[in-house]
Amino acid sequence: MLRYQPGDSLAHRLDPRTKLCFQLAFAAVAFAYTSPRGLLAVGTLGLLALAAADTNPLRVVWSYRFVMPFLLAAPAVAMLTLGPPWLVPAAAVDPALASVRNLLVIAVGGGYIRTTSVTDSRAAIQRTVPGRPGQFLGLGIELVARFLPVLRRDLLAMRDAEAARLGTDRPLGERMSTLAAVGLNRAFRRADRLSAAMQARCLSWNPTLPPLGFGWVDYPIVGLSLLLFGAAAAQVVGLAPSF
Amino acid sequence: MATSTESVDLVDGTTVRNLARAALFAALVAGFSYVSFPNPLAPSIPVTLQVLGVYLAGIMLGPLWGTASIGLYLAAGAVGIPVFAGGSAGLGVLLGSPTLGYLWSYPVGAGVVGLVVHRGTDLQDYTTVGVPLLVGAMVAGTVVIYAMGTVGFAVIQNVGLVEAFSLSAVAFVPFEAVKIAAVVGILRRDAIAAVE
């Protein structure tokens, strides 16, 4: 699984907002140029981005293996037709290109995860999304990051306890409702204790965030992102040469 | 550190409570994605409880905080907290995964379920809501989730709607009935302590 790891790669030094902007631009250009040559260029750019994040592309692909069945099945099913000739390989070309493009878009997101801490992401979101929604998202993201491991441990412990008492032989619906009910109770109890603690510590809408600032490394990447957005827009309005 | 000269703007008590519940609910939905049950219809893709969390968010937190909570779940995933299926995360999943339609439909689904159960945006006591309305609300939520999920799959994978539905939905739809029954069972238990 991909996680944040401290480091000194180029992507580690970038502002999180720059990295989010690049991901959006990369996705835009990948969607605009979904052709074999276009995807070759986009794929090369994606590999460069992962190299700048000091991230192994194979590890990224492995960590997203859950999407593979869908990416592989879509072209395979698109080939099938009801009736002769049963298989039409040409019909699989577009879905296959879409699968490659989607994998590239997903994989580039892995570089962000590997190089950005939750605190920096929170600061980036809170500074980008204006007003209370931004503050809600910022605070909420840190709370989710803090409580996910705890609640996950609760749920997995319950599942193990159930299995130890032959609960796995029970009907599926009953197992789901037992697990969810106990999980909900734990979550609500934690939420009530958390809200009392946050009020006791004077939770405010305007806490002091860690400093974020654009450095010299950010400007070329922002410029590249704008170029990519421009290239995608040119393709959409039909100004770009066929690629 | 960035310094701020404005005075501290305290969050009022009710909002703190709702905020804590929304955040914990988002974390619980994320936790549900780690607990999988075997799927006899598609062995490679197990059934997880995220959709059950979406229904419960709409019912227990209401349409506004429920939608906010599930929106928070997506935002947490976008910045890299491992909340999506299989412990994955990243903005790329929300932009390019074949399942992106399902993910984007979750906040909408929670809102629809909440609106039907609470008959508007004002919170009602959901323990007094009849089973037919609960089931109707969750069926409406399921329709929204599968409609957006199927269209999303068809668009992102460049396949037809029928192919998209057969690939991304058919193996899961029967389990939604089980999840709806499970939610009704949870709400009818006395085990849920935190009701207000």
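Buried means under 20% relative accessible area, exposed means over 50%, and partly exposed lies in between (1.4 Å probe, protein chains only). The model is predicted: local features need pLDDT of at least 70, side-chain atom pairs count only at pLDDT 80 or more, and totals for chains, interfaces and linings use all residues. Residues are numbered from 1 along each chain as its sequence is written, chains are lettered from A and ligands numbered from 1 in the order in which they are written, and side-chain values use heavy atoms, with hydrogens and water left out.

**Exercise 1. Salt bridges within chain A**

Task: Find the salt-bridge partner of D154(A) and state where both residues lie.

Solution. 
Step 1. A salt bridge is a side-chain nitrogen of Lys or Arg within 4 Å of a carboxyl oxygen of Asp or Glu.
Step 2. The partner of D154(A) is R190(A), with the closest N and O atoms 3.3 Å apart.
Step 3. D154(A) belongs to helix α8 of chain A and R190(A) to helix α9 (residues 172-200) of chain A, so the pair ties together parts that are 36 residues apart in sequence. Helices (H or I, at least four residues) and strands (E, at least two) are DSSP runs, numbered from the N terminus.
Step 4. With a relative accessible area of 7%, D154(A) is buried.

Solution. 
Step 1. E174(A) is partly exposed at 36% relative accessibility, and R170(A) is partly exposed at 46%.
Step 2. Salt bridges with shared partners join D154(A), R186(A) and R190(A) into one network. The search of the whole structure gives 8 salt bridges over all chains.

**Exercise 2. The interface**

Task: Describe the contact between chain B and chain A.

Solution. 
Step 1. Contact means heavy atoms within 4.5 Å. Chain B gives 77 residues to the contact and chain A gives 78 residues.
Step 2. Buried area is the accessible area (1.4 Å probe) that two parts lose on being put together, summed over both. For these two chains the value is about 6800 Å², with 78% of it on carbon and sulfur atoms. L24(B), F37(B) and V79(B) supply 10% of the area that chain B buries against chain A, more than any other three residues.
Step 3. The rule finds 1 salt bridge across the interface. R21(B) and D192(A) are joined by a salt bridge between their side chains (3.6 Å, N to O).
Step 4. Among the elements that give two or more residues to the side of chain B that touches chain A are α1 (13-32), α2 (50-78) and α5 (131-157) of chain B. The largest share, 17 residues, comes from α1(B).

**Exercise 3. Positive phi**

Task: What is the phi of W86(A), and what is that of R119(B)?

Solution. 
Step 1. Most residues other than glycine have a negative phi.
Step 2. W86(A) is not a glycine but has a positive phi of about 70°. W86(A) is in the loop between α5 (68-79) and α6 of chain A, and is exposed at 53%.
Step 3. R119(B), also not a glycine, has a positive phi of about 50°. R119(B) lies in the loop between α4 (100-118) and α5 of chain B, and is exposed at 56% relative accessibility.
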